[in-house]
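Colleague: Could you take me closely through one part of this model, and tell me what its residues face on either side?

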Amino acid sequence: MSNGIWRLNSRASLREGPNGDEGILLDTYTADICSCNGTAWTILQIIKKGAAIKQIVAGVRKEYDVSMKVAERDVLSFVRKLKSMELVDGQ
(Lines give C-alpha, C1' and ligand atoms only; values in the text may rest on other atoms or scores of the structure.)
Protein backbone atom coordinates (compact mmCIF):
# COMPACT_ATOMS: atom_id res chain seq x y z
CA MET A 1 0.00 0.00 0.00
CA SER A 2 1.32 3.37 -0.93
CA ASN A 3 1.33 6.51 1.16
CA GLY A 4 -1.73 7.90 -0.61
CA ILE A 5 -4.63 9.37 1.31
CA TRP A 6 -7.31 6.95 2.51
CA ARG A 7 -10.91 8.04 3.07
CA LEU A 8 -14.16 6.35 3.93
CA ASN A 9 -16.28 5.56 0.90
CA SER A 10 -19.66 7.29 0.75
CA ARG A 11 -21.39 3.96 1.37
CA ALA A 12 -19.68 3.62 4.79
CA SER A 13 -21.57 5.04 7.74
CA LEU A 14 -20.25 5.22 11.31
CA ARG A 15 -22.40 5.09 14.44
CA GLU A 16 -20.65 5.95 17.68
CA GLY A 17 -21.23 3.85 20.79
CA PRO A 18 -22.40 5.39 24.08
CA ASN A 19 -18.86 5.93 25.40
CA GLY A 20 -17.45 7.31 22.15
CA ASP A 21 -14.54 4.88 22.05
CA GLU A 22 -16.19 2.21 19.91
CA GLY A 23 -19.11 1.89 17.55
CA ILE A 24 -20.45 0.24 14.43
CA LEU A 25 -19.59 0.51 10.76
CA LEU A 26 -22.55 0.17 8.43
CA ASP A 27 -22.25 -0.59 4.73
CA THR A 28 -25.27 1.27 3.36
CA TYR A 29 -25.03 -0.66 0.08
CA THR A 30 -25.09 -4.21 1.48
CA ALA A 31 -26.56 -3.46 4.94
CA ASP A 32 -23.60 -5.28 6.53
CA ILE A 33 -22.94 -4.13 10.08
CA CYS A 34 -19.55 -4.45 11.74
CA SER A 35 -19.03 -3.96 15.45
CA CYS A 36 -15.81 -2.02 16.03
CA ASN A 37 -13.54 -2.32 19.03
CA GLY A 38 -11.49 0.63 20.24
CA THR A 39 -8.60 0.09 17.84
CA ALA A 40 -10.85 -0.26 14.80
CA TRP A 41 -12.82 2.80 15.91
CA THR A 42 -9.64 4.85 16.27
CA ILE A 43 -8.55 3.86 12.75
CA LEU A 44 -11.97 4.66 11.29
CA GLN A 45 -12.06 8.09 12.94
CA ILE A 46 -8.70 8.93 11.39
CA ILE A 47 -9.67 7.59 7.95
CA LYS A 48 -12.94 9.54 8.14
CA LYS A 49 -10.87 12.74 7.99
CA GLY A 50 -8.58 11.36 5.27
CA ALA A 51 -5.09 10.20 6.12
CA ALA A 52 -2.02 8.40 4.84
CA ILE A 53 -1.04 5.06 6.36
CA LYS A 54 1.78 6.75 8.32
CA GLN A 55 -0.72 9.15 9.89
CA ILE A 56 -3.09 6.32 10.79
CA VAL A 57 -0.24 4.35 12.40
CA ALA A 58 0.83 7.45 14.36
CA GLY A 59 -2.75 7.92 15.59
CA VAL A 60 -2.97 4.33 16.77
CA ARG A 61 0.38 4.60 18.56
CA LYS A 62 -0.72 7.83 20.22
CA GLU A 63 -3.86 6.16 21.55
CA TYR A 64 -2.37 2.74 22.43
CA ASP A 65 0.96 1.58 23.82
CA VAL A 66 2.04 -0.58 20.87
CA SER A 67 5.24 -0.87 18.87
CA MET A 68 5.58 0.59 15.39
CA LYS A 69 5.67 -2.92 13.94
CA VAL A 70 2.43 -3.99 15.63
CA ALA A 71 0.65 -0.74 14.76
CA GLU A 72 1.70 -0.95 11.09
CA ARG A 73 0.63 -4.58 10.86
CA ASP A 74 -2.77 -3.92 12.42
CA VAL A 75 -3.46 -0.77 10.39
CA LEU A 76 -2.46 -2.37 7.09
CA SER A 77 -4.53 -5.46 7.82
CA PHE A 78 -7.61 -3.41 8.71
CA VAL A 79 -7.30 -1.04 5.76
CA ARG A 80 -6.90 -4.01 3.39
CA LYS A 81 -10.07 -5.53 4.84
CA LEU A 82 -11.96 -2.25 4.43
CA LYS A 83 -10.69 -1.98 0.85
CA SER A 84 -11.82 -5.53 0.05
CA MET A 85 -15.26 -4.55 1.36
CA GLU A 86 -15.12 -1.39 -0.81
CA LEU A 87 -15.58 0.83 2.24
CA VAL A 88 -12.46 2.96 1.74
CA ASP A 89 -10.98 4.81 -1.19
CA GLY A 90 -7.27 5.29 -1.56
CA GLN A 91 -4.11 3.82 -3.00
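Modeller: Helix 3 has 17 residues and reaches 24 Å from its first C-alpha to its last, close to the 24 Å expected at 1.5 Å a residue, the expected span being 1.5 Å times one less than the number of residues; helices (H or I, at least four residues) and strands (E, at least two) are DSSP runs, numbered from the N terminus. This is a predicted model, in which local features need pLDDT of at least 70 and side-chain atom pairs count only at pLDDT 80 or more, while totals for chains, interfaces and linings use all residues. Residues are numbered from 1 along each chain as its sequence is written, and side-chain values use heavy atoms, with hydrogens and water left out.

In helix 3, Ala 71, Val 75, Val 79 and Leu 82 are buried, where buried means under 20% relative accessible area, exposed over 50% and partly exposed in between (1.4 Å probe, protein chains only). Because these four cover an arc of only 55 degrees around the axis, they lie on the same side of helix 3, the arc being that of the directions from the helix axis to the C-beta atoms. The buried residues pack against strand 3 (23-27), helix 1, helix 2 and strand 5 (88-89), with contact meaning heavy atoms within 4.5 Å. One such contact partner of Val 79 and Leu 82 is Ile 47, which also touches Trp 6, Arg 7, Leu 8, Ile 56 and Val 88, not counting residues up to four places away in sequence.

The face of helix 3 turned away from its buried side carries the exposed residues Lys 69, Arg 73 and Ser 84. Just after the helix, Glu 86 takes a positive phi of about 60 degrees.
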